[in-house]
Amino acid sequence: VLARQLGDTWAITAVNNAAAPRTLSVTLPAGAQFENLKNALTGETVQVAGRTVSLTVPALFGVALISR
């Protein structure tokens with residue numbers, strides 16, 4: 001999992017090299033305060049609870065979440 005910030009925009013990326021999907025919870029950095037993130041690959045909205053986001057990364061694939 002990797003978090004990057006450019007101005008007010010955040011990107012959270014995760015990669016899964018396993019043969020099965022993986023579900024994980026990630027605590028976002030202190031400056032990352034928003035209610036949801038958008039999956040840049042699927043358009044799906046992912047809810048953020050406090051500073052924690054839960055996501056499922058498909059097998060042999062990745063996820064790219066953006067704050068805008």
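Trainee: Where is A3 placed?
Mentor: A3 lies in strand β1, residues 2-6; strands here are DSSP runs of E with at least two residues, numbered from the N terminus. The model is a predicted one, in which local features need pLDDT of at least 70, side-chain atom pairs count only at pLDDT 80 or more, and totals for chains, interfaces and linings use all residues. Residues are numbered from 1 along each chain as its sequence is written, and side-chain values use heavy atoms, leaving out hydrogens and water.

Trainee: Why does A3 count as partly exposed?
Mentor: Because its relative accessibility is 29%, A3 falls in the partly exposed class. Buried means under 20% relative accessible area, exposed over 50%, and partly exposed in between, with a 1.4 Å probe and protein chains only.

Trainee: And which residues does A3 touch?
Mentor: Not counting residues up to four places away in sequence, A3 touches W10, A11, I12 and P29. Contact means heavy atoms within 4.5 Å.

Trainee: Which residues does L65 contact?
Mentor: With neighbours within four places in sequence left aside, the contacts of L65 include W10, A11, I12, L37, V53 and L55.

Trainee: On to the core. How many residues has the largest nonpolar core?
Mentor: The largest nonpolar core has 15 residues, and L65 is among those with the most contacts inside it, as are V53 and L55. Strands β2 (9-16), β5, β6 and β7 (61-66) each supply at least two residues of this core. A nonpolar core is a set of buried Ala, Val, Leu, Ile, Met, Phe, Trp, Tyr and Cys residues joined through side-chain atoms within 4.5 Å. In soluble globular proteins, nonpolar side chains tend to be buried together.

Trainee: Which residues form the covered face of β6?
Mentor: In β6, residues 52-57, the covered face holds V53, L55 and V57, whereas T52, S54 and T56 are on the uncovered face.

Trainee: How many bridges join β3 to β6?
Mentor: Six bridges join β3 (residues 22-27) to β6, and the two run antiparallel. R22 stands opposite V57. Two strands pair if DSSP finds at least two bridges between them.

Trainee: What about β5 and β6?
Mentor: Strand β5, residues 45-49, pairs with β6 in the antiparallel sense over two bridges. A49 has T52 as its bridge partner in β6. Two residues lie between the strands of this hairpin, where G50 takes a positive phi near 65°.

Trainee: Lastly, how many strands are in the chain?
Mentor: The chain has seven strands and zero helices. Of its 68 residues, 29% are buried.

Notes. Helices (H or I, at least four residues) and strands (E, at least two) are DSSP runs, numbered from the N terminus.
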